[in-house]
Structures are given as C-alpha cells and as structure tokens.
Amino acid sequence: MQLSIPAQQTSGQPNRWILILRYMRRNKSLVVGLAMLAFLLIFSIGGSLLIDTSTRAYPLAAPAVQPPSPEYPLGTDRDGRDLLAVMARGILLTGSIGVMAGTIGLVVGVIVGFVAGYYGGWIDSVIRWLTEVLMTIPALILQIIIASTIVDKNKVTIFTMAGVASILSWMGTARIVRSQVLTLRERTFVNMAKLSGMGNLEIIFRELMPNMLPYLAASFVGAVMGGIGSSFGLEILGLGPAREPTIGMTIRWAQFHSAIFNRWWWWVLWPSLVLIIIFASLSLINRGLDEIANPRVRRSE
Amino acid sequence: MRLSYVIRRFLFFLLVMWSAATVLFFVPRLSPINPIRERFAEIQRSTGYAPRDMEQLVKAFEAKFGLNKPLIEQYFDYISGLARGDLGYSLMRYPRTVNELIGQALPWTIGLVTVTTLLTFLIGTAIGALAGWPRSPGWVKGMVTPLMVLAAVPPYLLGLVLIYFIAFRAKLLPLSGAYTTTRFNAPELSLEFLLDVGRHAILPALSLIVASVGFWALGMRGMGVTVLGEDYVNFAEHKGLKQGRIFYWYYVRNAILPQVTGLALAFGSIVSAGILVEYLYGFPGIGSLLNAAIGANDFFVIYGIGMITIFAVGFSMMVVDILYPLLDPRIRYDRR
C-alpha cells in the first residue's frame, strides 16, 4: 500500500490546496465570514432564479400583511410585497450599492494615496489638508445634505445611492495606501527598480501594488461596509430609493407603517436579520484579511 | 514655546471650520433646487393649500432670506453670520430661529450621548484590557470577536431588536419619547422627572453602548498586546513585581493613551453619533429635529445641524492635539 501514495505528497511539499485548507483552519473569521456571505448570495441568486422577483418584490403582488404561511414563507407587507422576493432582490440591490460605493472608494483612494505618498511635496500637503477638512465633516451629515439638496427625492435610484455613499469612502483607503507607500518607497527593491530604469507608473504597478494587496482587499471590504451602512442611514431617514425594495427601504417602510405596534413582526424581523448577517459577515472577512495583511494581530490570539 | 503651537493649532482649526463652512455653502447651491419653492411645494402636497400668487410669495420669502442677492454677497452674509454664531431662520417653524430649535434639542442629545460614550469607553476598555492580559480566563479572551461583530451592526438595528423584545413584547420599558407626556407637561427639575427620563433613556443608551463596546475593546486589546512585548514589562516581571501592579501601572497605564485620544475624538461626534437611534426612539434630540427638517424640506435647519456637528468634531480634534503632549510626555511638538 505504501507504493500507491501519489508522487506529489512524497516530494515533501504538500499540495497547494492542502496548504490553503490548513491556512483556513487557522483563519477562522475569514472562513466563517465567507460562509455567511456565500449563504446570502446563494439565497438571493437562487431566490431570483426560482421566483419572479421583478414583480413579486414590488407593491400589489400579493395580499397585504399576511403572516408567514406555506404560500408566502416570509409573509407579505402592507403594500402587498412578497417578503421572500423582497429579501432575495433586496440583498442583490443593497449588495450592489455597497460594491459600487466600495469600488469607487477603492479606486479614488488608491490614486489619491499613491499620488500623496509617492510624489510627496506640496501635492501631499494639499491632500492632507483636504482630508483633514473632510474628516471634520461627519459622513452621515454631508451625505444627508447632498442627498436632500442636490438629488431630487423622488428620483433616487440605487446608482445615486452608491454615488452619495461613496463620497467619503475613499479617505480610509487613501490614508492606508499613503502610509504604506511611504514605508515601501525607501526599500531597496524600489531603489533597485529605479536604478534599472523603470518608470514611475511601472514601479507603482509592478513593485508597490502587489505588496499592498491584502491591505487593499481589507480596505475594499471596509469601504463596502461603509457604503452599505451610510446608504442604510439615508434610507432610514427617507432619502433612499423609494421605489426599490432594498433591505434598508424595507425597514424604513416597516417603521413608517409602525409594523411593530401593529404586530407585523415578520416585516421587521427578516430585513433586520439579513442586514445583521451582511454586516457580521463583512466584518469577519475584514478581520480575516487584516490578519493576513498584518501578522502582528495574530499574536494576540 | 508651547504657546506658539497652541496658537498655530487654533488658526488651523479656524481654517478647517472656514473650509467646511464653504463646502456646506456651495454644495447645496450647485443644485437647481430652490429651498423656498420646495417648502411651499411641500405645504401644497400636505395641506392641499395652493395660493394663486405662489410665485410672488416665493419671491417675497427669497428676499426675506436674502436668497435674491448675488452669490458672493450671500456668501459673506453667511460667513459673518456663522462667525457671530447666527444660523438663520427655520423654514418649517418660520419666525423661530435655527439656534432656538437646536438649543432645545441639543441638551437631550448631549445628555444621552455623553453618558453612553463614557459608559462604552469604560466597559470596552476594561474588557479589552482583560482580553489582552495573558492570565485572563479563556471566555474573557473569546469575548472580543463577538463584540467586534456587534460593533459592525448599526445601532439602529440593535435598537429595533431591543424595542421589539424589551419594550413591546415584555413591556418592561417605555417604547419611545424622553418622558411620560401624560405625567409631565413640560420638562421640570424634580427627582421624579429625572427618574422618568432615565427610564426612557435606557433602551436608546443600551443600543448605542452594545453597538460600540467592541470598537473600544479591540483597540485596547491591540495596544495592550503591543505593550506586553515591551522590554519594561519584561523587566518588571523579572524584578518580581506583583501581577496587579504590572497590570495597572505598566500594562494599562501605557496601553490606555490611544484610548483616551479616541475618547476625546468620540466626544466630537456626540452630536451626530445618536442621530438614527434618537429618531428610532422618538427622543427629542438632534436626530429627531434633523428627521423633521428633512421631511419638511427645512434646509436651513439641516445646514445648521451640519455646522454644529462639524464644529464639535473640529474642536475636539484641536483639544486632542493640544492635550496629547500632557498625557504622553514622550511626544513633543516643538522640536522635530
């Protein structure tokens, strides 16, 4: 039997997948977070494929305020939305607001951070002054002012939500990238690249970026979380997309129609549960990525 | 020596305030939306009252609020108003000023959020310090991860859960408001009233506390682990000092510095931290005022609340920068 062991394992270096599995056993928060996220995505994509969410997640698709029943497993709301369809579609909508806001935040943050850290000088001073000013403006307040004054309340879409939510989401990324660039800039390998005649852009993309990938991944997840959080705040205050069944709008309508006092518990429970799972999974993923990026955190386990 | 630093920092604070005020002035004016017309449209929608001379009415009000002047003149009026602490008139309760409305709401908010911020800081820092200490039992160390997950959840959601289970199902505490309006007509200074306010404030305070304890615990534990790796802790252990002494005077004393800075910064966001929770519980603070202003298109109240929050944050940042060298003697600004 000894002879049938595959050559790969006898060569001393275990299989790549085994290494990944071993790492995953150590990094529990990353695994749990990813599993929760996968659950939400399977629920939402599966739900969208099995039932027609483009009609059933909107008003007048079902009898009003039905408690959960075999026909409507999660119940219906006062305007006749099937809450199962609302949840399936809402996760996708809320998720895409977050991903869009996170992407804008990441791209802008990386550019600003690199420019400030790599070129330094007066550009750096101007950027630092700008972030200092913007940091004093609480994100929610600036977003409320923009959402309530620039945008027409009745024409809000998920794209405007993502735009408003991304306004300040670049600053965290910019700060991390800047400080990382400052420490990496003076390393020997960067000087080496300079001496060998690489251009600035080439150094940034070929030498600096790969070293910062875990940081960038963590700050992307952070920006997605921030985007979902601030769009949730705006939706609660009635500045969200009134026609779309995002998770935040569902809670807004439930509160608007005093669902709790009317004993329509299912209308509040499902969206709150979904949002709590979304935030919990993203924060666990963020922590897992942080552990990869910043091995010092590991010591405290 | 240090005085020049304080002066420089104060000038920077003024510069930041001025820039933020300028942003707040120009952002709304980029849009074609006219606040006065929006307000009248809102009245029309909600009451069905549609005056025939609507356009004239809008013009008259624009003149009253100075919105018909050239932009640059409006800007100077606005900045000089701010410098005097004058935030203008409210649109929804017209003859009353924004200062008056904010003045009424602010004490509620400050009362609620100051207490919760302090409690959160104490509880979170204590948990974090114990969780980072090697001799703590395992369950204390394991507390940080669930608390951190809770910290990612908006307090509003925790508030919804608390309202449902504690106030609605179990009927242990009042559902909303800041005091029992059937017992007291207006706020008064008596023990009974204060107890009543306390009962109403428990749930909003609890949602704010649970949602941010994890943040403080994580920060304290991270810093504590770094301190434990320092040579002076090692030295103290080898000298045979008592564990308690090392814990308080070597470990906590050094790890707590960034926490104190964080606390000062957290006081800056006192005005804005509780906005959604206050609205959820119908607590008559800034959050409820802001929500009413958004609903009624009262832009001047929205800008006023914006300015107050920015002032609070900018001011606390300045105080932190000035006080930090006193807390941590290793930091000196004058020589670099």
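Which are the buried residues of α7(B)? I began my notebook with this point, working on a predicted model.

**Entry 1: helix α7 of chain B**

I listed the buried residues of α7(B) as B:Val144, B:Thr145, B:Leu147, B:Met148, B:Val149, B:Leu150, B:Ala151 and B:Ala152. Since 8 of the 9 residues of α7(B) are buried, this helix is largely enclosed by the rest of the structure. I then looked up what lies over those residues. The cover includes α3 (28-50), α11 (200-236) and α13 (265-293) of chain A, together with α5 and α9 of chain B.

**Entry 2: confidence**

I checked the scores of the model and found ipTM 0.79 and pTM 0.83. For chain B, the average pLDDT is 82, and 94% of the residues score at least 70. Among the elements of chain B, helix α5 (residues 98-132) of chain B has the highest mean pLDDT, 89. Helix α2 (residues 35-47) of chain B has the lowest, 73.

**Entry 3: chain B as a whole**

I counted the secondary structure next: chain B has 16 helices and 0 strands. The C-alpha trace of chain B spans about 90 × 60 × 35 Å along its principal axes. Of the 336 residues in chain B, 37% are buried. I also looked up contacts between residues of chain B at least 6 apart in sequence; 71% of them join residues at least 24 apart.

**Entry 4: where chain B touches chain A**

How many residues of chain B are in contact with chain A? I found 42 residues of chain B in contact with 36 residues of chain A. The elements of chain B that give two or more residues to this side include α1 (2-29), α7 (144-152) and α9 (191-228). With 9 residues, α16(B) gives the most to the side of chain B that touches chain A. By class, I recorded 29 nonpolar, 12 polar and 1 charged residues on that side of chain B.

**Entry 5: the two domains of chain B**

I noted that the domain assignment of chain B gives domain 1 (12-83) and domain 2 (105-327). Their centres, taken over C-alpha atoms, are separated by 35 Å. The contact between them takes 12 residues from domain 1 of chain B and 10 residues from domain 2 of chain B. On the domain 1 side, α1 and α2 of chain B each supply at least two residues. The most come from α1(B), with 7 residues. I classed that side of domain 1 as 9 nonpolar, no polar and 3 charged residues.

**Entry 6: the largest nonpolar core**

Which residues touch the most other members of the largest nonpolar core? Of its 162 residues, I found these to be A:Met87, A:Ile144, B:Ala217 and B:Ile302. The element that gives the most to this core is α5(A), with 17 residues. Domain 1 (12-83) and domain 2 (105-327) of chain B both give residues to this core, so the core lies between them. Not counting residues up to four places away in sequence, B:Ala217 touches B:Gly124, B:Ile127, B:Gly128, B:Ala131, B:Val144 and B:Leu147. Of these, B:Val144 and B:Leu147 are among the buried residues of α7(B) listed in my opening entry.

**Entry 7: A:Tyr119**

Last, I located A:Tyr119 in helix α5 (residues 83-119) of chain A. Because A:Tyr119 has 13 C-beta neighbours inside 10 Å, it counts as partly exposed. From C-alpha to C-alpha, A:Tyr119 and A:Leu208 are 14 Å apart in space, and 89 residues apart in sequence.

Terms used:
Residues are numbered from 1 along each chain as its sequence is written. Chains are lettered from A and ligands numbered from 1 in the order in which they are written. This is a predicted model: local features need pLDDT of at least 70, side-chain atom pairs count only at pLDDT 80 or more; totals for chains, interfaces and linings use all residues. Two residues are in contact if their C-beta atoms, placed from the backbone, lie within 7 Å. Helices (H or I, at least four residues) and strands (E, at least two) are DSSP runs, numbered from the N terminus. Ala, Val, Leu, Ile, Met, Phe, Trp, Tyr, Cys and Pro count as nonpolar, Asp, Glu, Lys and Arg as charged, and the others, Gly among them, as polar. pLDDT is the predictor's confidence in each residue, from 0 to 100. A residue is buried if 20 or more other C-beta atoms lie within 10 Å of its own, exposed if 12 or fewer, and partly exposed in between; C-beta atoms are placed from the backbone. Domain bounds come from an automatic or database domain assignment. A nonpolar core is a set of buried Ala, Val, Leu, Ile, Met, Phe, Trp, Tyr and Cys residues joined through C-beta atoms within 7 Å.
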